[in-house]
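Please keep the sequence and the structure in view while reading.

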Amino acid sequence: QGINAEYGEDDAGDCEYKWRLVGITSSRFEHLVTQMNFRISEGQGKCLYEIGVHDDGTAKGLDDADFEESVGVVKRMAGVLSLDVEIVAVQDVKPTIAELLHEQR
């Protein structure tokens with residue numbers, strides 16, 4: 001898959017597409033953490049999050065503010081699960097798209 005994915009998101013597996021994560025409520029955050037835990041389990045300790053990408057694989061991107069907030073939410077989710085986070089790719093043309101790798105510590 002990767003940052004220029006042309007395929008829709010698979011319900012199974014270790015890759016999750018998120019267009020944007022802004023204004024997240026506490027109940028939505030809990031759901032997202034559960035979802036990340038599933039992706040980590042599917043990836044045997046690793047998962048990949050594509051930020052700025054729709055579930056159908058369309059790379060829409062984000063403006064700077066939404067990008068920063070979305071990456072922050074994903075990092076907070078990883079923190080709850082004690083995961084390390086590495087931004088492995090950023091398509092820094094506006095709007096921005098990023099690929100974040102999460103690994104168990």
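Glu16 stands opposite Tyr49 in β2, where helices (H or I, at least four residues) and strands (E, at least two) are DSSP runs numbered from the N terminus. The chain crosses from β1 through α1 to β2, and this β-α-β crossover is right-handed; that is, with the strands pointing away from the viewer, the path from the first strand over the helix to the second runs clockwise. This is a predicted model, in which local features need pLDDT of at least 70 and side-chain atom pairs count only at pLDDT 80 or more, while totals for chains, interfaces and linings use all residues. Residues are numbered from 1 along each chain as its sequence is written, and side-chain values use heavy atoms, with hydrogens and water left out.

The pairing of β1 with β2 (residues 46–51) is parallel and comprises four bridges; two strands are taken to pair if DSSP finds at least two bridges between them. Within this pairing, Cys15 has Leu48 of β2 as its bridge partner. On the other hand, β2 and β4 run antiparallel and are joined by six bridges, with His102 in β4 as the bridge partner of Cys47. In general, strands of a sheet pair through backbone hydrogen bonds, either parallel or antiparallel.

Taken together, the four strands form an open sheet of mixed pairing in the order β1-β2-β4-β3. From one strand to the next, the twist averages 20°. As for β2, five of its six residues are buried (under 20% relative accessible area, with exposed over 50% and partly exposed in between, for a 1.4 Å probe and protein chains only), so this strand is largely enclosed by the rest of the structure.

Helix α1 (residues 26–42) lies across β1, β2, β3 and β4 (97–104), and runs at about 130° to β2. Helix α2 (residues 64–80) lies across β2, β3 and β4, at about 10° to β4. Axes here are lines fitted to C-alpha atoms, for helices over the stretch in contact (heavy atoms within 4.5 Å), and angles run from 0 to 180 degrees between N-to-C directions.

Which charged side chains meet in salt bridges? The structure holds five salt bridges, each defined as a side-chain nitrogen of Lys or Arg within 4 Å of a carboxyl oxygen of Asp or Glu. One of them joins Lys18 and Glu16, at 3.3 Å from N to O. Lys18 counts as buried at 9% relative accessibility, and Glu16 counts as buried at 1%. Glu16 also forms a salt bridge with Arg39, with the closest N and O atoms 2.7 Å apart. Because Arg39 lies in helix α1 and Glu16 in strand β1, this pair ties together parts that are 23 residues apart in sequence.

A further salt bridge links Glu103 with Lys46, the closest N and O atoms being 3.6 Å apart. Glu103 lies in strand β4 and Lys46 in strand β2, so parts 57 residues apart in sequence are tied together by the pair. Glu103 is partly exposed at 28% relative accessible area, and Lys46 is partly exposed at 40% relative accessibility. Salt bridges that share partners join Glu9, Glu16, Lys18 and Arg39 into one network.
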